[in-house]
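This report goes through selected local features of one protein structure. Please keep the sequence and the model open while reading.

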2 protein chains.
Amino acid sequence: MNIPTKLNVQDPVEDQDQSDPAKKGWMVGCPPPADKLIKFIPADNKFPKMRWSLANIRQLVPTAQISRGPGPISNLPTRYHDISNVTWVDAEGKTKTFMDMMNLTYTDGLMVLHKGNVIYEKYFGVMNPTKPHLAMSVTKSFVGTLGAILVHEKLIDDTKPVIHYVPELAKTAYGDATVRQVLDMTISVKYSEDYTDPNAEVWNYSQSAGSMPRFEDYHGPQTLYEFLLTLEKDKEHQHDERFWYKTVNTEILAWIIRRVTGKPLAIYLSERIWQRMGAADDAYFMVDSIGTESAGGGYNTCLHDLARFGEVMRNRGYFNGQQVIPSEVIDDIKRGGDKAKFAPAGYETLKGWSYRNMWWVGQDAVGEFEARGIHGQRIHINSKAEMTIVRYASHPHASNIINDPPTQAAYRALAQYLENLK
Amino acid sequence: MNIPTKLNVQDPVEDQDQSDPAKKGWMVGCPPPADKLIKFIPADNKFPKMRWSLANIRQLVPTAQISRGPGPISNLPTRYHDISNVTWVDAEGKTKTFMDMMNLTYTDGLMVLHKGNVIYEKYFGVMNPTKPHLAMSVTKSFVGTLGAILVHEKLIDDTKPVIHYVPELAKTAYGDATVRQVLDMTISVKYSEDYTDPNAEVWNYSQSAGSMPRFEDYHGPQTLYEFLLTLEKDKEHQHDERFWYKTVNTEILAWIIRRVTGKPLAIYLSERIWQRMGAADDAYFMVDSIGTESAGGGYNTCLHDLARFGEVMRNRGYFNGQQVIPSEVIDDIKRGGDKAKFAPAGYETLKGWSYRNMWWVGQDAVGEFEARGIHGQRIHINSKAEMTIVRYASHPHASNIINDPPTQAAYRALAQYLENLK
């Protein structure tokens, strides 16, 4: 989570329509009036302004290009079918529509693919088909996939210690960890994302990485690398005891990937995935003051390219006429991680799930797995229904408990609906 | 000129090969070693680090996307022909090659088109076909073209006062100027780009626009709009007396364009030119702290899209199967401006030239016109030879006197060579 909103779930907030960033007129005018300005300052870093910012991050901070390369754009066939009225039933027994779900989850853009065809595509607010949106923690699944590819190609040995690749980390929490523990986030590290705690490590993380505007009195680490060197072990726990979801693990993985490939993450991701899958548009990473990509949450893509990546994953790596990612890598992700280690994390909406190579792996029976961002950004794959749903969103509450119930009910209802189509 | 180098032309500097930013290893490593870092700070804002920065501006500052849109990429046919050994004769009578010219001018990328085919394409240093480069004042010709289109479409009346469109400028140098005077830069305005003068207006311009890193003691205007409101008339002159090349005129034109179209410059340029010509890649503008594009020098494009735009201009606006720009707009530019008003500017290498709609118009006999950036960035069109040359470069000296002689001699020799081909 890069841009904290510090809202309590009880806070009354404007709904999808009331908070529509296009209707708000943010940043419209030459110059925009003072009350319509959004700057990269702490005061502007919250809902509802966030709804504009998540689709315009590059106007606020330095970024690195993920080039689509010189090749042709891959085909993403369309067979439109209006599914906005497909119904689902909420926790109170009320019948709602797929459109209701999109509104409840503050959707900025959503695309449904069935059997490889785009059947539904809808944009809200300031989003459009060629405008990138911040993926936040969906980023982690891209980086985890790159890590898993390198493990598969034996360029990384996941049984080796992290410090085999990045000796600089010897005195940190990662000094006695393995790469596999990083990939599956079973690392014991003192890293809190509790924004109500002024001493939480997330403050230094976000301000050093440049993903959060710096407060005037900020005197912490100046770069992401400097910050990573400050990470200490949580003395009450050993690695591998259980799953702890910590953004910094993805930053450590990115460091390993850069060291092994000798390339910036932006270049390696472009060459290894973006170009091969025939992305239609460049993507971009937020970067810190020395060009280091925010691997834990700083990736921005257009919605249709997120859909292409979802289809790469759903099709066991085969897309655009080639094996973009080895099928074994996807199979390994889909098998999931250790459920016994995942359970203690206590995710009420993800019972029976697990975490593997920075993907969230759900119901085995339907081959369900997800990349998940904290404001509702999501790649959702239901293998059995041959369905991929990608969503960019800017929900005011950074909360699974609020976001998951309508999302899960609507997605599963849609899967059922699609399976029943002749 | 956005990034001053403050070199004297007599200063000894590293040559093209010695200053190659790839060989220098700038920003390589995780993290890069301290002596290889390039940050957006005054100390790093100079040659030879500039050779890396001009191809990586988005990693240093906030930017706005110019989308290529959802359409197909236009065809840019290739018929490669090695012209690197075509010869020209320098001022001392020595015979040199086209490759010598590229080295002498610190070329980062160069493409030659003849009769619509790409016949030559070469990249140096950290450039490659899908990496944008800062166009600097070539930007002005894009903005001037947009202005001329709006005049042609009667959405702007160029005989009207500037304040008809932007009343906010009433108390500035532009209070009694017409739009035409802005388009042809015959404005009397107190605006100096003499970097040796600490009171030169360029310091506030560049720091308010965010195109130059701010010095710690900067207390000038915070945004580009705030800066433009400070511009005073040069009391010794009236508008229209002669041509004065002043970057701020393009910023004023951009303000008019935004006001008339109701759109950010980045959006209007995307819709009106970039999408219609079938650009292969997004381009981008540097922006200030409130998202205002640097219209005087902040545009960045890939080389092949600069070539596409050059071909649009050479073909009287027709490209990609459509009339991208009305032919009358191009004809007006090619007819040039008032040579009598251009002459007093005293450009030794541009005798007999003129300036029209922010294009430099050269030898009538061959239909020569150019977009020119101060470090050697250039779109060069020779209508008679059916030749378009686009070049990105990072010459240490911001000087026509140094850059023009080899460029002009080599380009004219190449035109002759191509005309002699059967």
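## Model and annotated domain

The structure is a predicted model, and its values are computed from the coordinates. For chain A, an unreviewed UniProt entry carries the annotation "domain: Beta-lactamase-related", which covers residues 110-397. In the model, that span of chain A is 31% helix and 17% strand.

## Aromatic pairs and cluster

Counted over all chains, there are 50 aromatic pairs in the structure. One of them is formed by B:Trp203 and B:Phe215, whose ring centres are 6.0 Å apart. The planes of these two rings stand at 70°, so the pair is classed as edge-to-face, the cut-off for that class being over 60 degrees. B:Trp203 belongs to helix H7 (residues 201-209) of chain B, whereas B:Phe215 is in the loop between H7 and helix H8 (224-228) of that chain. The pair therefore ties together parts that are twelve residues apart in sequence.

The two partners can also be described by their accessibility. B:Trp203 has 11% relative accessibility and so counts as buried, the limit being under 20%. B:Phe215, with a relative accessible area of 32%, is partly exposed. In chain A, one aromatic cluster is made up of A:Phe142, A:Trp274, A:Phe285, A:Tyr299, A:Phe309, A:Trp359 and A:Phe369.

## Charges over rings

Two contacts of a charged end with an aromatic ring can be located in the model. In chain A, the ring of A:Phe124 has the charged end of A:Lys122 over it, 5.6 Å from the ring centre. In chain B, the charged end of B:Arg372 sits over the ring of B:Trp360, and the distance to the ring centre is 5.6 Å.

## The largest pocket

The largest pocket holds about 1,500 Å³ of space. Its lining consists of 34 residues. Those nearest the pocket centre are A:Phe40, A:Pro62, B:Phe40, B:Leu60 and B:Pro62. By class, 16 of the lining residues are nonpolar, twelve are polar and six are charged.

Helix H7 (201-209) of chain A and H7 of chain B each supply at least two residues of this lining. The most comes from H7(B), which gives three residues.

## Cis peptide bonds

Chain A has a cis peptide bond between A:Cys30 and A:Pro31, with omega about -5°. A:Pro31 is placed in the loop between helix H1 (21-24) and helix H2 (50-53) of chain A.

In chain B, the peptide bond from B:Cys30 to B:Pro31 is cis, and omega is near -5°. B:Pro31 is in the loop between helix H1 (21-24) and helix H2 (50-53) of chain B.

## Positive phi angles

A:Asn357 is not a glycine, yet its phi is positive, at about 50°. This residue lies in the loop between strand S11 (354-356) and strand S12 (359-361) of chain A. A:Asn357 has 0% relative accessibility and so counts as buried.

B:Lys115, also a residue other than glycine, has a positive phi near 50°. B:Lys115 is in the loop between strand S4 (107-114) and strand S5 (117-123) of chain B.

## Buried positions in chain B

Which residues of helix H12 (residues 327-335) of chain B are buried? They are B:Ser327, B:Val329, B:Ile330, B:Asp332 and B:Ile333.

B:Ala295 is in the loop between strand S7 (283-286) and strand S8 (299-301) of chain B. With a relative accessible area of 0%, B:Ala295 is buried. The C-alpha atom of B:Ala295 is separated by 8.5 Å from that of B:Leu253, while the two residues are 42 residues apart along the chain.

Methods. Residues are numbered from 1 along each chain as its sequence is written. Chains are lettered from A and ligands numbered from 1 in the order in which they are written. This is a predicted model: local features need pLDDT of at least 70, side-chain atom pairs count only at pLDDT 80 or more; totals for chains, interfaces and linings use all residues. Side-chain values use heavy atoms; hydrogens and water are left out. Rings of Phe, Tyr and Trp (its six-membered ring) pair if their centres lie within 6.5 Å; planes under 30 degrees apart count as stacked, over 60 as edge-to-face and the rest as tilted. Helices (H or I, at least four residues) and strands (E, at least two) are DSSP runs, numbered from the N terminus. Buried means under 20% relative accessible area, exposed over 50%, partly exposed in between (1.4 Å probe, protein chains only). A charge sits over a ring if NZ of Lys or CZ of Arg is within 6 Å of the ring centre and within 35 degrees of the ring normal. UniProt positions are given in the numbering used here, feature names are shortened, and annotations may be inferred rather than shown by experiment. On a 1 Å grid over the protein atoms alone, a cavity is a set of points where a 1.4 Å probe fits but cannot get out, and a pocket is an open set with protein on both sides within 12 Å along at least five of seven lines; lining residues have an atom within 4 Å of a point. Grid points are joined across faces, edges and corners, and a volume is the space filled by probe spheres set on the points. Ala, Val, Leu, Ile, Met, Phe, Trp, Tyr, Cys and Pro count as nonpolar, Asp, Glu, Lys and Arg as charged, and the others, Gly among them, as polar.
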